[in-house]
Amino acid sequence: MTERQLIQEILNSEAVEYSFENVDEDSKEYTLLLTRQDQDVREVTTINDEIKKYFESANFDYQEELNPDGDADIRLVIKRNDQ
C-alpha cells in the first residue's frame, strides 16, 4: 500500500471530506484540508483526536491547525517517519 493510499484509507474511515493541498512524495510530506460532512455533528477537536491516533500509529508526524482561514475545518501537515 502506498502512503497516499494509507492516508486515504485513514481519512475515509473517519468519514471526512478531504483534499491534498500539497504533496511532496520525495520528502513524504503531505498537507491536507479536512472538512466535516454536512450531517457530522462531532466537534472538530473530536475528529482531530480520532484522526491523529490513526496517523501516529501509522508512524506519521502530525501537525494540525484547527479552523484555519478558508473553508476547511482542519489543516494537517503529516510526514512519514521512517524510523
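The structure is a predicted model, in which local features need pLDDT of at least 70, side-chain atom pairs count only at pLDDT 80 or more, and totals for chains, interfaces and linings use all residues. Residues are numbered from 1 along each chain as its sequence is written, and side-chain values use heavy atoms, with hydrogens and water left out.

The chain contains 2 helices and 4 strands. Here helices (H or I, at least four residues) and strands (E, at least two) are DSSP runs, numbered from the N terminus. Their order from the N terminus is α-β-β-α-β-β. The radius of gyration is 12 Å, close to the 12 Å that the globule rule gives for 83 residues, so the chain is as compact as a globular protein of that length. This radius is taken over C-alpha atoms, and the globule rule is 2.2 Å times the number of residues to the power 0.38. The C-alpha trace spans about 35 × 25 × 20 Å along its principal axes.

Of the 83 residues, 31% count as buried. Buried means under 20% relative accessible area, exposed means over 50%, and partly exposed lies in between (1.4 Å probe, protein chains only). The chain exposes about 5200 Å², of which carbon and sulfur atoms supply 38%. Accessible areas come from the Shrake-Rupley method with a 1.4 Å probe; for residues, only the protein chains shown count as cover. Among contacts with a separation of 6 or more, 42% join residues 24 or more positions apart. Contact means heavy atoms within 4.5 Å.

Charge is also summarised. The chain carries 9 positive and 22 negative side chains, and the centres of the two sets lie 4 Å apart. Lys and Arg count as positive and Asp and Glu as negative, while His and the chain ends are not counted. Each charge is placed at NZ of Lys, CZ of Arg, CG of Asp or CD of Glu.

Helix α1 covers residues 3-13, and its buried residues are Glu-3, Leu-6, Ile-7, Ile-10 and Leu-11. They lie on the same side of α1, because they cover an arc of only 130 degrees around the axis. The arc is that of the directions from the helix axis to the C-beta atoms. The cover over these buried residues includes β1 (16-24), β2 (29-36), α2 (44-57), β3 (60-66) and β4 (74-80). Just after α1, Ala-15 adopts a positive phi of about 55 degrees.

Thr-31 sits in strand β2. Thr-31 counts as buried because its relative accessibility is 10%. Beyond neighbours within four places in sequence, Thr-31 contacts Ser-19, Phe-20, Glu-21, Asn-22, Arg-75, Leu-76 and Val-77. Asn-48 belongs to helix α2. With a relative accessible area of 3%, Asn-48 is buried. Residues up to four places away in sequence aside, Asn-48 touches Tyr-62, Glu-64, Leu-66, Ile-74 and Leu-76.

Asp-38 is located in the loop between β2 and α2. At 79% relative accessibility, Asp-38 is exposed. Asp-38 and Glu-50 are 12 residues apart along the chain, and 18 Å separates their C-alpha atoms. Glu-56 lies in helix α2. At 43% relative accessibility, Glu-56 is partly exposed. Glu-56 and Pro-68 are 12 residues apart in sequence, with a C-alpha to C-alpha distance of 22 Å.
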